[in-house]
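Welcome, and thanks for taking a look at this one with us.

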Amino acid sequence: MQTKPVLTLEDIKKIAAAAEAEAVANGWKVVIAICDDGGHPLWLQRLDGAAPVSAHIAPAKARTAALGRRESKIYEDMINNGRVSFARAPELDGMLEGGVPIVVEGHVVGAVGVSGVKSAEDAQIAKAGIAALGL
(Lines give C-alpha, C1' and ligand atoms only; values in the text may rest on other atoms or scores of the structure.)
Protein backbone atom coordinates (compact mmCIF):
# COMPACT_ATOMS: atom_id res chain seq x y z
CA MET A 1 0.00 0.00 0.00
CA GLN A 2 1.25 3.47 -0.84
CA THR A 3 1.21 6.40 1.53
CA LYS A 4 1.17 10.09 0.81
CA PRO A 5 1.44 13.32 2.75
CA VAL A 6 -1.70 15.20 3.75
CA LEU A 7 -2.38 18.75 4.83
CA THR A 8 -2.78 19.38 8.54
CA LEU A 9 -4.70 22.23 10.12
CA GLU A 10 -1.35 23.76 11.07
CA ASP A 11 -0.28 23.65 7.39
CA ILE A 12 -3.53 25.28 6.30
CA LYS A 13 -3.15 28.09 8.85
CA LYS A 14 0.42 28.74 7.63
CA ILE A 15 -0.72 28.90 4.02
CA ALA A 16 -3.64 31.18 4.87
CA ALA A 17 -1.52 33.54 6.97
CA ALA A 18 1.15 33.88 4.30
CA ALA A 19 -1.42 34.40 1.55
CA GLU A 20 -3.20 37.02 3.65
CA ALA A 21 0.11 38.78 4.35
CA GLU A 22 0.86 38.93 0.60
CA ALA A 23 -2.58 40.33 -0.15
CA VAL A 24 -2.46 42.90 2.66
CA ALA A 25 1.09 44.00 1.75
CA ASN A 26 -0.19 44.84 -1.73
CA GLY A 27 -3.50 46.35 -0.60
CA TRP A 28 -5.47 43.62 -2.37
CA LYS A 29 -8.98 42.71 -1.18
CA VAL A 30 -9.39 39.03 -1.95
CA VAL A 31 -10.88 35.73 -0.90
CA ILE A 32 -8.48 32.88 -0.08
CA ALA A 33 -9.69 29.28 -0.34
CA ILE A 34 -7.80 26.10 0.47
CA CYS A 35 -8.99 22.59 -0.36
CA ASP A 36 -7.70 19.04 -0.03
CA ASP A 37 -6.66 16.81 -2.94
CA GLY A 38 -10.29 15.89 -3.64
CA GLY A 39 -11.36 19.51 -3.88
CA HIS A 40 -13.11 19.49 -0.49
CA PRO A 41 -13.02 22.87 1.28
CA LEU A 42 -10.67 23.25 4.23
CA TRP A 43 -10.46 27.06 4.53
CA LEU A 44 -12.27 30.14 3.27
CA GLN A 45 -11.21 33.64 4.21
CA ARG A 46 -12.77 36.81 2.81
CA LEU A 47 -10.67 39.88 3.48
CA ASP A 48 -12.50 43.11 4.27
CA GLY A 49 -13.77 44.73 1.11
CA ALA A 50 -13.52 41.66 -1.12
CA ALA A 51 -16.34 41.27 -3.61
CA PRO A 52 -19.02 38.77 -2.55
CA VAL A 53 -18.70 36.81 -5.82
CA SER A 54 -15.05 36.12 -5.00
CA ALA A 55 -16.25 33.83 -2.20
CA HIS A 56 -17.60 31.57 -4.96
CA ILE A 57 -14.75 31.97 -7.44
CA ALA A 58 -11.80 31.30 -5.08
CA PRO A 59 -13.02 27.85 -3.94
CA ALA A 60 -13.83 26.94 -7.55
CA LYS A 61 -10.28 27.84 -8.59
CA ALA A 62 -8.83 25.78 -5.73
CA ARG A 63 -11.04 22.78 -6.56
CA THR A 64 -10.08 22.97 -10.24
CA ALA A 65 -6.36 23.06 -9.41
CA ALA A 66 -6.67 20.15 -6.96
CA LEU A 67 -8.78 17.88 -9.17
CA GLY A 68 -6.84 18.72 -12.32
CA ARG A 69 -3.47 18.44 -10.58
CA ARG A 70 -2.29 21.62 -12.30
CA GLU A 71 -2.69 25.38 -12.11
CA SER A 72 -6.13 26.54 -13.14
CA LYS A 73 -4.47 28.94 -15.59
CA ILE A 74 -3.69 25.98 -17.85
CA TYR A 75 -7.41 25.45 -18.44
CA GLU A 76 -8.00 29.14 -19.05
CA ASP A 77 -5.18 29.13 -21.62
CA MET A 78 -6.59 26.04 -23.38
CA ILE A 79 -10.00 27.68 -23.71
CA ASN A 80 -8.53 31.01 -24.84
CA ASN A 81 -6.47 29.16 -27.46
CA GLY A 82 -9.58 27.72 -29.06
CA ARG A 83 -10.41 24.57 -27.15
CA VAL A 84 -13.70 26.09 -26.02
CA SER A 85 -15.38 22.73 -25.51
CA PHE A 86 -13.20 22.33 -22.43
CA ALA A 87 -15.30 25.02 -20.74
CA ARG A 88 -17.90 22.26 -20.22
CA ALA A 89 -15.55 19.86 -18.39
CA PRO A 90 -17.35 18.30 -15.41
CA GLU A 91 -16.43 19.47 -11.90
CA LEU A 92 -14.02 22.12 -13.20
CA ASP A 93 -15.86 25.40 -12.84
CA GLY A 94 -12.93 27.58 -11.78
CA MET A 95 -10.94 27.63 -15.00
CA LEU A 96 -9.39 31.03 -14.39
CA GLU A 97 -5.86 31.84 -13.26
CA GLY A 98 -5.50 31.90 -9.49
CA GLY A 99 -5.80 28.24 -8.51
CA VAL A 100 -2.49 26.59 -7.60
CA PRO A 101 -1.98 22.97 -6.53
CA ILE A 102 0.01 22.17 -3.39
CA VAL A 103 2.56 19.50 -4.32
CA VAL A 104 4.47 17.62 -1.62
CA GLU A 105 6.91 14.86 -2.52
CA GLY A 106 5.31 14.57 -5.96
CA HIS A 107 1.78 14.27 -4.56
CA VAL A 108 -0.92 16.91 -4.97
CA VAL A 109 -2.25 17.27 -1.43
CA GLY A 110 -4.58 20.18 -2.07
CA ALA A 111 -4.75 23.59 -3.67
CA VAL A 112 -5.11 27.28 -2.97
CA GLY A 113 -7.53 29.45 -4.90
CA VAL A 114 -7.60 33.23 -4.73
CA SER A 115 -10.04 35.69 -6.27
CA GLY A 116 -10.45 39.43 -6.11
CA VAL A 117 -7.69 41.11 -8.11
CA LYS A 118 -6.05 40.53 -11.50
CA SER A 119 -5.63 36.83 -12.20
CA ALA A 120 -1.82 36.94 -12.10
CA GLU A 121 -2.04 38.69 -8.73
CA ASP A 122 -4.46 36.04 -7.47
CA ALA A 123 -1.89 33.39 -8.44
CA GLN A 124 0.88 35.41 -6.78
CA ILE A 125 -1.04 35.36 -3.50
CA ALA A 126 -1.73 31.61 -3.77
CA LYS A 127 1.92 30.87 -4.46
CA ALA A 128 3.04 33.05 -1.53
CA GLY A 129 0.77 31.01 0.72
CA ILE A 130 2.14 27.70 -0.52
CA ALA A 131 5.71 28.98 -0.13
CA ALA A 132 5.09 29.24 3.63
CA LEU A 133 5.32 25.44 3.73
CA GLY A 134 8.85 25.63 2.38
CA LEU A 135 7.89 23.97 -0.90
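**The sheet and its surroundings**

In this predicted model, four strands make up an open sheet, ordered 2-1-4-3, with antiparallel pairing. Strand 2 (41-46) and strand 3 are the edge strands; each has a single partner strand, so one side of each lacks a neighbour in the sheet. On average, neighbouring strands of this sheet are turned by 15° against each other, with direction ignored.

**Strand 4 and its partners**

- Strand 4 covers residues 107-115 and is mostly covered, with eight of its nine residues buried.
- Strand 1 (residues 31-36) pairs with strand 4 in the antiparallel sense, over six bridges.
- Within that pairing, Val31 has Ser115 of strand 4 opposite.
- Strand 3 (residues 99-104) also runs antiparallel to strand 4, and six bridges join the two.

**Helix 2**

- How far apart are the end C-alpha atoms of helix 2, and what should its residues span? Helix 2 (residues 54-68) has 15 residues, which at 1.5 Å a residue should span 21 Å; the end C-alpha atoms are 21 Å apart, so the two agree.
- The buried residues in helix 2 are Ser54, Ala58, Ala60, Lys61, Ala62, Thr64, Ala65, Ala66 and Gly68.
- Among the elements that cover these buried residues are strand 1, strand 3 and strand 4, along with helix 3 and helix 4 (119-131).
- Just after helix 2 comes Arg69, with a positive phi of about 60°.

**Ser72 in helix 3**

- Ser72 belongs to helix 3, which takes in residues 72-80.
- Is Ser72 buried or exposed? Its relative accessibility is 0%, so Ser72 counts as buried.
- Which backbone nitrogen does the side chain of Ser72 reach at 3.5 Å? That nitrogen is the one of Gly98.
- A polar atom of the Ser72 side chain also lies 2.8 Å from the backbone nitrogen of Gly99.
- Beyond its neighbours within four places in sequence, Ser72 is in contact with Lys61, Thr64 and Ala65, and also with Gly94, Met95, Leu96, Glu97, Gly98 and Gly99.

**Leu92 in the loop**

- Leu92 sits in the loop between helix 3 and strand 3.
- The relative accessible area of Leu92 is 10%; with buried meaning under 20%, Leu92 is therefore buried.
- Which residues is Leu92 in contact with, leaving aside neighbours within four places in sequence? They are Thr64, Leu67, Tyr75 and Phe86.
- Leu92 and Gly110 are 18 residues apart along the chain, and 15 Å separates their C-alpha atoms.

Terms used. Residues are numbered from 1 along each chain as its sequence is written. This is a predicted model: local features need pLDDT of at least 70, side-chain atom pairs count only at pLDDT 80 or more; totals for chains, interfaces and linings use all residues. Side-chain values use heavy atoms; hydrogens and water are left out. Buried means under 20% relative accessible area, exposed over 50%, partly exposed in between (1.4 Å probe, protein chains only). Two strands pair if DSSP finds at least two bridges between them. A polar contact is a pair of N or O atoms within 3.5 Å; within protein, one must be able to donate a hydrogen and the other to accept it, and residues adjacent in sequence count only if both atoms are side-chain atoms. Contact means heavy atoms within 4.5 Å. Axes are lines fitted to C-alpha atoms, for helices over the stretch in contact, and angles run from 0 to 180 degrees between N-to-C directions. The expected span of a helix is 1.5 Å times one less than its number of residues.
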